[in-house]
Amino acid sequence: MPAVGGMLPGDGKKEYPGNLTPFVMVTCIVAAMGGLIFGYDIGISGGVTSMDSFLEEFFPKVYRKKNLMATKNQYCKYDSPTLTMFTSSLYLAALLASIVASTVTRKFGRRLSMLFGGVLFCSGAIINGFAKAVWMLILGRVLLGFGIGFTNQSVPLYLSEMAPYRFRGALNIGFQLSITVGILIANVLNYFFAKIKGGWGWRLSLGGAMVPALIITIGSLVLPDTPNSMIERGQHEEAKKKLQRVRGVEDVEEEFQDLVAASQASKTVEHPWTNLLQRKYRPHLTMAILIPFFQQLTGINVIMFYAPVLFNTIGFKTNASLMSAVITGSVNVAATIVSIYGVDKWGRRFLFLEGGIQMLICQAVVTAAIAAKFGVSGIAEDLPQWYAIVVVLFICIYVAGFAWSWGPLGWLVPSEIFPLEIRSAAQSMNVSVNMIFTFAVAQVFLMMLCHLKFGLFIFFAFFVCIMTVFIYFFLPETKGIPIEEMGKVWKTHWYWSRFVTDSEYHIGALEMGKGGQTDRK
């Protein structure tokens, strides 16, 4: 019988006692609202940049190229470095903020990071809503980016630590669900605000970001901190009581002792950032870099940022293109709910692989459709209705594939695989890589569309192919494994076991440590 760590069934998995309590459900739902600000921003940006009144006021060159010049090249009409900087400056700021957020999250708890995120995002929304010049727009976007950096760093960690391990996948995906709901709300608002006479609807779109910001700000003030975070900061008694409340049972001694052991091991680590480079953390570092890298190179942000612009480009009028973005946003939400249902039933690998294959097929069809009508000249006359319906249909199937695979799992898997001693630093690395490539894709997308034409979709399809093969060979299944026991999946993996040895992760029956404590580093 092991000294610490709950039951060990035949397959060596630990099982801690605990239930999915109403308390946990409510706290996870409130915390997941942190995704609303990210989603609202993704959805609002593309819609606003397709509104003529907004372009005329801040980006007159783009407005003239789109509406007044005689160009019929649909690929190049939005190509403007300043317009792209408006969209992508946010992600550069989020990258910088996520690095600072690592320290705040580790030393002061997950809630404070969420609070900072909400306040900064609210400030940016106010500046953007009242903007009179491009510099005000970009300053507002930078503040929004700081807010997103803090919330994206802390919310997935909070959810993974608070949730019982059997339901961790579903509860963590609440974050991605709120991102998709944010995108959908933004798309619906853009559709109606674009109709406002006088052309000031874009101010409501940008300023409306205050609402999700206030939700996460108030939420962070009423949420409890996670037991893991409290133990990390030396509050052991309070942490044990909190763990009992979170799990809904009195008998939490085994899980509590494992959390304490993990915390003590983490305190021996003075420099978590340099620690990430150690050989035993090679699999974690690889996943922290490649999963967000691949997530951005699915091409999803191209579809979501610029859905109205993209649909406008392939022949939809402005209102119709905003409506099409509402349709794709609805599909995004529905498919994320499918992921919540299936992630703890079917596993992470199944969803990753199925989603990858589905996206690849859809990208091939969309590429063929755009190539057939626009060719390399970018000129097409009188696009038939059936053509537009086919393009939107396959983009929707593509969005669904992403929304039940790389969308939620790109946040879930990295947040659940990191040991406590490197968790904050590794999650910051994950967010930083995500934001670097979100920035890069947003910055060069319109230019690439102008130069690569329909080949842009082939570019993304290539990466979807590579990432699906990577998942098949290198990502072990993490379904149903307690977060502090995750080391075993690397130790038993065909490739990663050469980096992670028994001396670093004591798994299964070997997990008995001296004095009733687990020897885990």
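**Exercise 1.** Does Phe130 count as buried or exposed?

Solution. This is a predicted model; local features need pLDDT of at least 70, side-chain atom pairs count only at pLDDT 80 or more, and totals for chains, interfaces and linings use all residues. Residues are numbered from 1 along each chain as its sequence is written, and side-chain values use heavy atoms, without hydrogens and water. Take the cut-offs: buried is under 20% relative accessible area, exposed is over 50%, and partly exposed is in between (1.4 Å probe, protein chains only). Phe130 has 60% relative accessibility, so Phe130 is exposed. Phe130 sits in the loop between helix H6 (110–129) and helix H7 (134–162).

**Exercise 2.** Find the class of Asn187, then list its contacts.

Solution. Start with the place: Asn187 belongs to helix H8 (residues 168–193). Helices here are DSSP runs (H or I, at least four residues), numbered from the N terminus. The relative accessible area of Asn187 is 3%, so Asn187 is buried. Now the contacts (heavy atoms within 4.5 Å). With neighbours within four places in sequence left aside, Asn187 touches Gly43, Ala325, Val326 and Gly329.

**Exercise 3.** Check the span of helix H5 (residues 81–108).

Solution. The expected span is 1.5 Å times one less than the number of residues. Next, look just after H5: Gly109 has a positive phi of about 100°.

Technical notes. Helices (H or I, at least four residues) and strands (E, at least two) are DSSP runs, numbered from the N terminus.
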